[in-house]
Amino acid sequence: MEVFSAPLDLSWIITNRCNLRCRHCLNAELRNGTELTTREAIAVIKQIVGLKIFRVRISGGEPLERKDLFRLIDLLSKAKVKLSLFTNGTLITRNVAKRLAVSHMEFYTVSLDGASPAVHDAIRGTGSFVKSIQGIKNLIAQKCPVLIATTMTHVNYHDAEKIVLLARALGARQVQFVELMYEGDALSHIKDMAMTARERFELLTAVRDLKIKYGDMIGGSIPKSIEGADNLRLLPRPQFRLKYRECVAGTTRCAIRPDGIVAPCERLWFLKAGDVKKEPLRDIWLHSSVMQRFRKPFIIKKEYMPGCLRCRYLRPCILTRRCRPYLFFRHKLKDKSLSCRNTGVAAC
């Protein structure tokens, strides 16, 4: 396949600091690590501009915990790089919203995991719901395009439509329902956060109905998985060895961690392709063995998954996201309900 001279899309986990301790934090293991200095971050921006990277997604931790954030954003904005910000919203005061608005970002994604304090705060901490809602209101008052991101878990799967209705009332443009990734703090709270097969069935049924009812207001990885399952289940049952197709990771996207380590994407931050403090981003992108690996099919042998040989849902389960096998095999998850979608895909 074609390999671009630079990624078109860069996810920059700009800080490991955060004012919340969410029970499903993907990057929890980075929390006590180092992060690039202002000088080092500016050097990265010069590379981004020089490589003509099309889009930069800024996330954390909580990006607003980084004191030089606006200086870095201004440099990217002046270079006409398309920007987006991922935040928990709790630190977005009126003044912060005004300052963010002048950056003219494509969108501002705010995490909201429930339609009430009882649900949201059970995941993200006491008092966080009220602060996040106020942050959303402050952004929308400045005419900032706001997307709401909801990670679906055992705690909030029943709240899906209530979250959509709240988002509409606030003036958000879309609700993105996203998968819980079994990484970071989610591994420590599996018993509390993981949905049962029946709950997942109910969630996918609800999201399918919401997509029909609200159209483009509904987005995220979950409706995409439903669509992918619809398409793939029409094909013959796959046979091992399975060839896993390429995705955006390592082909059009990569990620930079707070400490400068480069990974294929933000979900696979533990795969180290290089370090921008030691070598140019362009060299990492073009020559890293990790990036090269993601430009080739990923082969899954039958001995890896003996319990899945006869499953009619194997194709939509394992062939709809490249990072899923990495996460599954990294932790060698023994609880099949964490990865098996047998009941869930039936809802599709």
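I48 touches L10, W12, I53, V56, L76 and V81, leaving aside residues up to four places away in sequence; a touch, or contact, means heavy atoms within 4.5 Å. This is a predicted model, where local features need pLDDT of at least 70, side-chain atom pairs count only at pLDDT 80 or more, and totals for chains, interfaces and linings use all residues. Numbering starts from 1 along each chain as its sequence is written, and side-chain values use heavy atoms, with hydrogens and water left out.

I48 also turns up in the largest nonpolar core, a set of 79 residues where W12, I48, V56, I58, L76, L139 and F177 have the most contacts. Such a core joins buried Ala, Val, Leu, Ile, Met, Phe, Trp, Tyr and Cys residues through side-chain atoms within 4.5 Å, buried being under 20% relative accessible area with a 1.4 Å probe, protein chains only. Helix α6 (residues 160-170) gives this core its largest share, 6 residues. A second, separate core has 9 residues, among them V119, V155, L180 and Y182.

As for the overall fold, the chain has 15 helices and 12 strands, taken as DSSP runs (H or I, at least four residues; E, at least two) numbered from the N terminus. Ten strands form an open sheet with mixed pairing, in the order β7-β6-β5-β4-β3-β2-β1-β9-β10-β11; strands pair if DSSP finds at least two bridges between them. β7 (218-219) and β11 (274-275) stand at the edges with a single partner strand each, so one side of each has no neighbour in the sheet. Strand β6 (residues 174-178) runs parallel to β7 over 2 bridges, with Q176 opposite G219.

Definitions and conventions: Buried means under 20% relative accessible area, exposed over 50%, partly exposed in between (1.4 Å probe, protein chains only).
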